[in-house]
Amino acid sequence: MVSVPMSDPRNVAHDKKVKQEKAHEKPEDEKPEAQAETAPPAADKDDEGPSEHEQSVAVLSKLKELEFHSRANVETLAGLMLTIEDELKQKEFVEAIGNLYGAQDVFQTQVAALVESYAAKCDSLTGA
């Protein structure tokens, strides 16, 4: 199996934002000169894009998806532990799979708590 290093999600998100901003910009030669110089730097809040609540709900959706897959990983690892230990009797792998199961279980607990607290944050933004 080939190991591919994972990039920092903040860098990925930043790169995506930069690409989106560049896609929305017009080249300078297409802008009327007077408009480019006299246009106000900030538009109405409604024209800026999704609200904080809308963006937060999108983040919450991704966190819930992450939590779902994490739960599935815990279940898969539990099944593999039983297979390796009880059916295949491959004792040399029991500790390694147990360590993976433990790490995934800790992650699952933490991501579930994060989903719960982030959902509360999203609920608080509906009144803002």
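A polar contact here is a pair of N or O atoms within 3.5 Å; within protein, one must be able to donate a hydrogen and the other to accept it, and residues adjacent in sequence count only if both atoms are side-chain atoms. This is a predicted model, where local features need pLDDT of at least 70, side-chain atom pairs count only at pLDDT 80 or more, and totals for chains, interfaces and linings use all residues. Residues are numbered from 1 along each chain as its sequence is written, and side-chain values use heavy atoms, with hydrogens and water left out.

Start by selecting Glu-67, which sits in helix H3 (helices are DSSP runs of H or I, at least four residues, numbered from the N terminus). Its side chain makes a polar contact of 2.7 Å with that of Arg-71 and another, of 2.6 Å, with the side chain of Gln-108. Glu-67 is buried, at 13% relative accessible area (buried is under 20%, exposed over 50%, with a 1.4 Å probe and protein chains only).

Now show H3 (residues 52–87) and H4 (residues 94–125) together: their axes come within 8 Å and cross at roughly 160 degrees. Those axes are lines fitted to C-alpha atoms over the stretch in contact, with angles from 0 to 180 degrees between N-to-C directions. H3 and H4 are therefore roughly antiparallel, a label for angles over 145 degrees.

Last stop: Lys-89, in the loop between H3 and H4. Lys-89 is exposed, with a relative accessible area of 53%, and its phi is near 55 degrees, a positive value in a residue other than glycine.

Notes
Helix = DSSP H or I, 4+ residues; strand = E, 2+ residues; numbered from the N terminus. Parallel < 35°, antiparallel > 145°, perpendicular 65-115°, else oblique.
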